[in-house]
Structure formats: C-alpha cells, structure tokens
Amino acid sequence: MTHGLTDAQFLNKVASFLGPYYIVLAVMNGLAALYLWRTGLGRTWLRLPLVGIPVTSAFLCLALGVFYAMLAPAAASGNGAWMPSMPEAWREAINRGTGPVIYSVGTVALLAVLFAFRRFFVQPAVAWIIWNAMLLFLGLSMTDRDFYEIVAKPDNVPIVMLVLLLAFFTWVATYRAVINDERAARGEPPLESLDNDKVLVWPDLVYIELICMIGLTAFLIFWAIALPAPLEEPASSVKTPNPSKAPWYFLGLQEMLVYFDPWMAGVVLPSLIVVGLMAIPYIDFNKAGNGYYTINQRKFAYLVFQFGFLEMWITLIVLGTLLRGPNWNFFGPYEYWDAHKVEALNNVNLSQYFWQGLLGRSLPTAPSGSSFGTQLSYILLREAPGILLTLGYFIALPPIMAITVFRRYFQRMGLIRFMLMANLLLFMASLPIKMVLRWVFNLKYIIAIPEYFLNF
Amino acid sequence: MPLGDTIRESQIWKSIFRHPMPVDRRNRIVVMLTNFFLHLHPVSIRKQGIALSYTWCMGGVTFFLFLVETVTGVLLMFYYRPTVEWAYTDIQALRDVTSLGILREIHRWGAHAMVITVWLHMYRVFLTGSYKPPREFNWVIGVILLLLTLLLSFTGYLLPWDQLAVWAITVGSNMARATPVLGHEGPLQQLLSVGGVDMITNASDARFALLGAREVGEETLNRFYILHCIAIPLGVSLLLAIHFWRVRKDGGISGPL
C-alpha cells in the first residue's frame, strides 16, 4: 500500500490523516470540558498555589484538548522531526516484548485486572484517561511505517473501529452494572426501573430512529468518500499471497489452526460456537439480571461469556489480522513483515512423548502388509494415551464436575442440561488448554492418526 | 386555506395516509396503529426502554444497515456481471469511471459495519440478560441472523474477483475439505465408502458443494452470487420479520420485571 513511496512521501500521506485526527481529539476533549462545565459534574482536584485557580475536571479536559490542538499542526507538517511519534526505543521494546504467548496471557491478565478492579476503572475520569491513552497510542504509532501498513490497510480499518467501539460499550455496560450492583447491595432497584413512565412512540422513539438513520447515512457516505474500498490485483490462481487470510471476522478461526487441525478449527468448533450461543438461554437457569445490567447477580454466566467473546473471539481476531504476517508467523506491531523470517517449529505428539520419551521404545507400528484390523489395533495402541486422556476429559470430567464444583448447578439443571453445559465448557476450554500445552511442552497432537485425518 | 392544508385535505393525500397529522395525543396514537411502516412499534413504551445508554440502538442500526445494503446491492446488480471475464473489470470501472460508483464503497463499508453492529447487538442483549424467559427463542433466531450476516459478508467477499477475494474464499472454504465424514480430507471420511470405492472425493465432498467445483472458479462465483443476492437475503428477511414480531409478542424491549 505504501510500496514505492519514499519516507517523505509516506510521512506526507500520514500527515494528511493525523492533522485532522488530532483536531478531532482536541474537539472531543473540548466538548467534554464544555459538558462538564455546563453540568457542574466532575470535581476540583486541587487549587493552584498563588493564583488560586481551581483545577477541575473541565479544566483538565480543556488542557488535554489544547495539548492535542498543539499536536495537530506538528502532526500535519509531514516533517518527521516535528511529528509526534512513539519513541524508537519503546517501539523496539514492544516488538521484542510481544509474541503469541505474551499477547494471549497478557490480554487475559489485562481483562482480569479490569474485571477485578472494575469499580475503579469505570469511574468516568479513569475511563476518559484510558480512552485518550488508546487514541493517543494509535496516533503516535501511525507514523511508524510497519504499523501504518497493517492498521490502515482498508480491510483492517473495521477492526480498529471494532476495538474502539467494544472498549466504549464495555465501559458503558460495566459502568451501569457497577452502579446497579451497588444499588442492589443497598436494597434499591436497578437504574432501569427508575424512569418507568410510558412515553408515546411518536415522537419519542421515531425521532430517535430518524436521527440515527440520518447520522448513519452521513457517516457511511463520509467513510465511503474518505476511504476507497479495497480492490487488489485481478484474481490469479497461481500467485498465492503470503499470508493468505480469510475475511477478518473469521480470523479467530484461522488463528485456531495453529493449535488445531482444520476439522476442529474450521468445522467442529465453529459449529459448537453457534450451538453453544443458541443454548445459552436454555442453560442459564438464573432468573436474576433480566432486563438490566448487572455482574454480581450472574457472575458465572458473565465471566464465561466475556472470556469466550472478548478473549477467544475478539482478541484472536485482532491477533490473526494485525499481528500474523507471512507464513502465519507472529510479528510485533512495529515489525516489518519479513517473508523470510524463520521460526523453529519442533512440535511433538503425545504418542512420541509417551512411547519414545517415557518408555524409551519406538512407536508401535503394524508389520507391513498386515490386515486392516491389525493395523487399526496398532494405531489404537499407539494413540492409547491420548485417546484415554481425551475420553477421560469429555466423559469422566463432567460427572466429576457435577459432584464437586458444579454440585449446585447440577441439582438445579438436571442431567441433560448439565451435560450439555459441561461439554460446551470443556470444548471451549480445549483451546486455551491446547495453547498452553503447545507453549509449555511443544505438544502438537494429543491424538495423532494421520492415516484417517484424525488429529486432535 | 394554506397550501399545506389544501394538500392534506385532498382526496389523494387522504387515500394514502389513513390518519391525520400526528400533532395531538390522540392522533399520535392513531398514527402508530394505522401506518404500515410504523405498526411494527408499540404505541407507547417505557422511557428506559428507549434510552440509548440501555439499548445502544445496535439492533436498529443493524436493520438499517441491512436496508442500506439491500438498496445499494440492487443498484449494483444493474451494473455488475458475475462472470470471471467481467466481474473484476466491472468493479474497477465502478471505482474509476462510473458516476455513483461510490455505491460500491457504501456497500462494502456498510457490510463491515453490519458485522460489527450485529456483534454489538448480541453483546448488549447478553449483558442485559435479555435472552432470559420469555425471550429464549428470539435469542436463537438472533444467533441464526448473526450467522447469516457473516455468510452474507463472506459470499459478497468473493464478488470483486480480485486477489483479496479469491484467496480469502479459498482459505475460508478449505476448511470444508476437513469436515468430518463429509470432507475428502476430513476424519472418518472412509466410513462412506462402498465396496472399496470412496464416495467422498474432492468432486463430491462438502467443499465441492460450497464451491460448485474443485477450486474457486466460475461456478463458485455464480453460486456465491446467487447466495449473496437472493438466497441468504430471503432467509434473512423472513427471520427478521419473525425476530421483530417476537420482540413485540415477548413483551417489547426488555426491562426489569
């Protein structure tokens, strides 16, 4: 996309985006300051000594807006020395510090911290700082050519929007859930039952709908004019692009191919995602939390869904789209997508660990020319450890769950519903388990029967 | 009489709109009951049920995007020819020479936006527990609609017939090759062999059914075009109608009991 551009031409191209970008950020903070000032919301953080001017939230927003307004002309200059950028040392550190393991474990840890301290993070002042930090990070990183190359690729732009929208809406939902949970602790009804007056749909709802439609149309037209839709070279069946990627919304599935064979990553697990989603209302017997935001009243359902959606769907898509380059190797956000980057792949099957590592023998192999039955027996013998482990996982574990950690659930749900839930949970957990086994033991397959394309 | 009143008093106007202008309380109720496009709505609604901080408006936005996609899609169909010979050049011409070629940009970005908004809609419905009784089945319909949205986007992805399109569909549909039992490289596909003859080959498996050929080619383009323009939108339209109807029948927009 920026191929054939000199560095100066590239910076000019970015500058034409970054100038308006920082102005938008300045206006955003200015409007926030105006809102805080007019409504009297926010608080006084401290009083400046000597002059005695109170430093309020509105004042800080205004200061932030002025800061962005000063960045705007520098960023629009197109001069590398002036444009605000991420320091080279930081970029190096981020590149070196990231990898599939750090990324996956890091996002889980981040979400866990956000969840555990949600009462701190949902405070508007804190959320506003995080929001600004995210946008500033994006702006500062755009001057990096490799970063720009992946983020500004037309088909990747929706993912940037998705991440920002999800951050915003997750904040909205958590903010309200925290308030509702505090209210519930005091014995008060949720926010949603406060204003229970009925209003007429004309005009109160139809006007909202009309404004939404007009706004959305304007936004789409603006987007269509500002950013041409992707159109690459004409299709050629001989020129395989590297990397070859599915559409972005399926890249979580493609990322699973690192850990599973296509029949699992591309067929079984996606089907189970759909089945599992449909089964949610029939599994979740908890009557609380119907029609209002809450976390405490449905913590288990909340955590399972958030782990599945935010961690195993969204962050895998972000990983697959933005950080997976040629040969599906991992590349840091500021790293050049070098097609010749070689990563040692030295993965071992469980059967090899068992027969060769543990027992010090060779893998059981049927004598050549033996009958079908003999061959099958040898395969089953060879893979016995993995098969037993897998059967134990899917068959023995649910009853154990039912009489231990999930005893209360089992009593409420009955056998069939509980078994459905247990198996869906186990399938869902199979991905992180497989990831950890790969990272720690270089484990390739638990069951490896390439003779029948049955690798698990 | 002012011109506006003359028009509104005319026989033509009255024959089209079955209600007077909704300027007073009575007629604001009448308009909701007698206008086809408005009768999807209830007459009155709880204030919290329409608060943007509660609903995020994402279901409505998704439906509106579906309408945008339908209108721009129909207009694009007048121009675009789904053949290997013409597909790419038609899209290229839409970008470079055709007036209103921007319709293609709107269609493409609208499709991406629709995928995002339908996820956000599901996210909101989950976080407010709105799938709980009596709305369980409407959630199921919603999941199918979400899946169909992804398939609409996936089938449309192929139509520009550029490198991005063909290889994305190749990568995506390669998965079908590994379908258990029904894919020719899937586990247990040997089960379906009769007298030593494989029933499941690369010319009869799940991937072949999807592509209409062994590789992504002319037949695939045709197949995806029809799925994209006719088959899936018909299914979506039917399910949308049921989805909306069930929202009303299951007690309107969710809220605390």
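Leaving aside its neighbours within four places in sequence, which residues is A:Tyr22 in contact with?

## Nonpolar cores

In this predicted model, A:Tyr22 is in contact with A:Tyr68, A:Leu71, A:Ala72, A:Ala75 and A:Gly139, leaving aside its neighbours within four places in sequence. A:Tyr22 and B:Ala165 have the most contacts inside the largest nonpolar core, a set of 132 residues. With 15 residues, helix α7 (residues 102–127) of chain B gives the most to this core.

## Hairpin in chain A

Strand β1 (residues 44–47) and strand β2 (residues 54–56) of chain A pair in the antiparallel sense over three bridges. A:Thr44 has A:Thr56 in β2(A) as its bridge partner. The two strands, β1(A) and β2(A), form a hairpin with six residues between them. In the turn, A:Leu50 has a positive phi of about 70 degrees.

## Contact between chains A and B

Chain A brings 78 residues to the contact and chain B brings 83 residues. On the side of chain A that touches chain B, the elements giving two or more residues are α8 (157–185), β3 (198–200), α9 (201–204), α10 (206–226), α12 (262–283) and α13 (299–323). This side of chain A divides into 52 nonpolar, 11 polar and 15 charged residues.

Strand pairing also links the chains: β3(A) and strand β1 (residues 44–46) of chain B run antiparallel and are joined by three bridges. Within this pairing, B:Ile45 in β1(B) is the bridge partner of A:Val199.

## Domains of chain B

Chain B is divided into domain 1 (1–38) and domain 2 (54–249). The C-alpha centres of these two domains of chain B lie 40 Å apart.

Methods: Residues numbered from 1 in each chain as written. Chains lettered and ligands numbered in written order. Predicted model: local features only at pLDDT ≥ 70, side-chain atom pairs only at ≥ 80, totals over all residues. Domains from an automatic or database assignment. Core = buried A, V, L, I, M, F, W, Y, C linked by C-beta atoms within 7 Å. Buried ≥ 20, exposed ≤ 12 C-beta atoms within 10 Å, placed from the backbone. Helix = DSSP H or I, 4+ residues; strand = E, 2+ residues; numbered from the N terminus. Contact = placed C-beta atoms within 7 Å. Pairing = 2+ DSSP bridges. Nonpolar A, V, L, I, M, F, W, Y, C, P; charged D, E, K, R; others polar.
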